[in-house]
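Okay, thanks everyone, I'll keep this short. Let me put the sequence and the model up, and then we'll walk through it.

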Amino acid sequence: MPHPVDPSAADAWLAWRDAARDPHLDQQLRALYDDLAAEIERRAPTCWISGRCCKFDTYGHRLYITGLEVAWLIDRLDEPSRARLDDAPLPGLDGCPFQVDGLCSVHALRPLGCRIYFCDPAAQAWQNPVYETFLDRLRKLHEQYELDYSYLEWRLALDEARKCL
Ligand code: SF4
């Protein structure tokens with residue numbers, strides 16, 4: 001039986017969703033992702049497109065994201081992606097509901113944690129510091145818009161958010 005969502009959590013999801021619809025916040029979040037892309041491009045890590053990093057339990061990997069990013073992504077899903085989310089056996093799914101044939105079907109909307117992660121051993125030295133820098137920028141975005149800040153496991157967050165949004 002699905003667990004009901006705590007009313008205060010439901011309010012937080014709605015607040016993040018409303019904020020995600022603010023064109024100024026949208027612009028700032030996209031700029032943050034663009035700046036991150038530039039940082040990554042400078043370092044040129046290799047992605048072998050194995051898809052392993054999106055199979056969390058099999059790969060022994062956990063993805064953490066902010067509630068605001070999840071609300072922003074969900075608000076921009078096309079119909080097939082939304083159906084994929086609604087039909088996914090979350091939160092116990094091994095992988096991500098948006099992985100299709102080994103590829104990310106929401107590439108332009110994926111959160112910070114997905115954008116920064118590379119299994120390339122050469123990326124290990126810079127990944128964490130760059131991640132922390134951009135996570136701090138995300139935190140400040142929450143402060144600027146007076147939003148609650150929550151750092152959540154991806155599948156749990158998607159499961160909770162889809163019940164509220
Ligand atoms: S959103 Fe995309 S990159 Fe991130 S875990 Fe899901 S399939 Fe992988």
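**Starting from Leu 68**

So, this is a predicted model, and I'd like to begin at one residue. Ignoring neighbours within four places in sequence, Leu 68 is in contact with Trp 16, Ala 19, Ala 20, His 142 and Leu 147.

Now, where does that put us? Leu 68 belongs to the largest nonpolar core, which has 27 residues. The members that touch the most others are Trp 16, Ala 20, Leu 68, Val 70, Ala 71, Leu 158 and Ala 161. Which elements give two or more residues to this core? Those are α1 (7-20), α2 (23-43), α4 (67-74), α6 (112-116) and α8 (154-164). The largest share is from α4, with six residues. As a general point, nonpolar side chains in soluble globular proteins tend to be buried together.

Okay, zooming out. We've got eight helices and four strands, and along the sequence they run α-α-α-β-α-α-β-β-α-α-β-α. The radius of gyration is 16 Å, close to the 15 Å from the globule rule for 165 residues, so the protein is as compact as a globular protein of that length. Along the principal axes, the C-alpha atoms fill a box of roughly 45 × 35 × 25 Å. Buried residues make up 21% of the 165. And of the contacts with a separation of 6 or more, 82% are between residues 24 or more positions apart.

Last stop, the ligand. Around the ligand we find Cys 54, Leu 63, Cys 96, Phe 98, Gln 99, Cys 104, Val 106, Arg 110 and Cys 114. By class, that shell is seven nonpolar, one polar and one charged.

Methods. Residues numbered from 1 in each chain as written. Predicted model: local features only at pLDDT ≥ 70, side-chain atom pairs only at ≥ 80, totals over all residues. Near = placed C-beta within 6 Å. Nonpolar A, V, L, I, M, F, W, Y, C, P; charged D, E, K, R; others polar. Rg over C-alpha atoms; globule rule 2.2 N^0.38 Å. Buried ≥ 20, exposed ≤ 12 C-beta atoms within 10 Å, placed from the backbone. Contact = placed C-beta atoms within 7 Å. Core = buried A, V, L, I, M, F, W, Y, C linked by C-beta atoms within 7 Å.
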